[in-house]
Amino acid sequence: MTGASWPRAVFERMYEHHPDPWGFGTRAYERDKYRQTLALLEGRHFHHALELGCSIGVMTARLARQCTHVLAVDVAETAIRRARRRCAGLPGVSFYRGQLPEAFPALPPHACDLIVISELLYFLAARDIARLAMQCLHVRRPGAPIILVNWTGPTDTPCHGDEAAAHFMKQCATEGVRVVHARRYPGYRLDMLNDRPSARQVEPSHAGGGS
């Protein structure tokens, strides 16, 4: 699909009409997605995680258990307010509202040792995905994983989930950051990028007949 990145107003309307429009806190799909994402981290502790597309903070609260600091970003102020309430009392969690990639947070180079981008990329146009990838690479420390989670079902967004992941990966590959884990689940794909000495990318594996 083609088209402009979705603006902030679209998401604000969604959160005004429903406190959890995608069922992040209730759906089994979301619980499985969180479990598989965290499994990739293998219990490691991170110092400064960047979560792009935090929504109401369900994943943010889980990341906080393994990170000294989490900076969680979302485009919608309504979502950020709910995320703050959910994560109140959790040490090291902060929030930032901004339309990506234009309002990417002002972080120093190599500030982050973990970057998580879940259910965000396909809301962006291809050129904005490429720009976001370069911004992530700028703040990423060498050896820091970048985790991508993308819905692979039907969508009316600017990109399909597979297209969005491919755009991001292509840009990262120009800087030597490539896929080190790729797996498809029912309804979504989970990819991890990191430094790789080889140009050969990992072929996606399948779990339970993913889309």
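First, a cut-off for what follows: a residue counts as exposed over 50% relative accessible area, as buried under 20%, and as partly exposed in between. And please keep in mind that this is a predicted model.

Start with helix α2, residues 28–41. How far apart are its end C-alpha atoms? They are 21 Å apart. The helix has 14 residues, and at 1.5 Å a residue it should span 20 Å, so the two values agree.

Now look at which of its residues are buried. The list is Tyr29, Glu30, Lys33, Tyr34, Gln36, Thr37, Leu38, Leu40 and Leu41. Note that Glu30 and Lys33 are on it. What covers these residues? Among the strands, the cover includes β1 at 46–52, β4 at 114–118, β5 at 146–151, β6 at 177–185 and β7 at 188–195. Helix α3, at 58–63, is also part of that cover.

Step off the end of α2. Just after the helix, Glu42 takes a positive phi of about 55°. It is not a glycine. Most residues other than glycine have a negative phi. Glu42 lies in the loop between α2 and β1. Is Glu42 buried or exposed? Its relative accessibility is 66%, so by the cut-off Glu42 is exposed.

There is another glutamate to look at. Glu119 also has a positive phi of about 55°, and it is not a glycine either. You will find Glu119 in the loop between β4 and α5, the helix at 126–139. Here the relative accessible area is 11%, so Glu119 counts as buried.

Next, a peptide bond. Most peptide bonds are trans. Between Leu100 and Pro101 the bond is cis, with omega at about 5°. Pro101 sits in the loop between β3, residues 93–97, and β4.

Last, the cysteines. How many disulfides does the structure hold? The count is 0. Take Cys112: its nearest cysteine sulfur belongs to Cys136, 8.4 Å away. The cut-off for a disulfide is sulfur atoms within 2.5 Å, so Cys112 is in no disulfide. Cys136 is in no disulfide either, and its nearest cysteine sulfur is that of Cys172, at 7.2 Å.

Technical notes
Residues numbered from 1 in each chain as written. Predicted model: local features only at pLDDT ≥ 70, side-chain atom pairs only at ≥ 80, totals over all residues. Heavy atoms only, no water. Helix = DSSP H or I, 4+ residues; strand = E, 2+ residues; numbered from the N terminus. Expected span 1.5 Å × (residues − 1). Buried < 20%, exposed > 50% of the residue type's maximum accessible area, 1.4 Å probe, protein only. Contact = heavy atoms within 4.5 Å.
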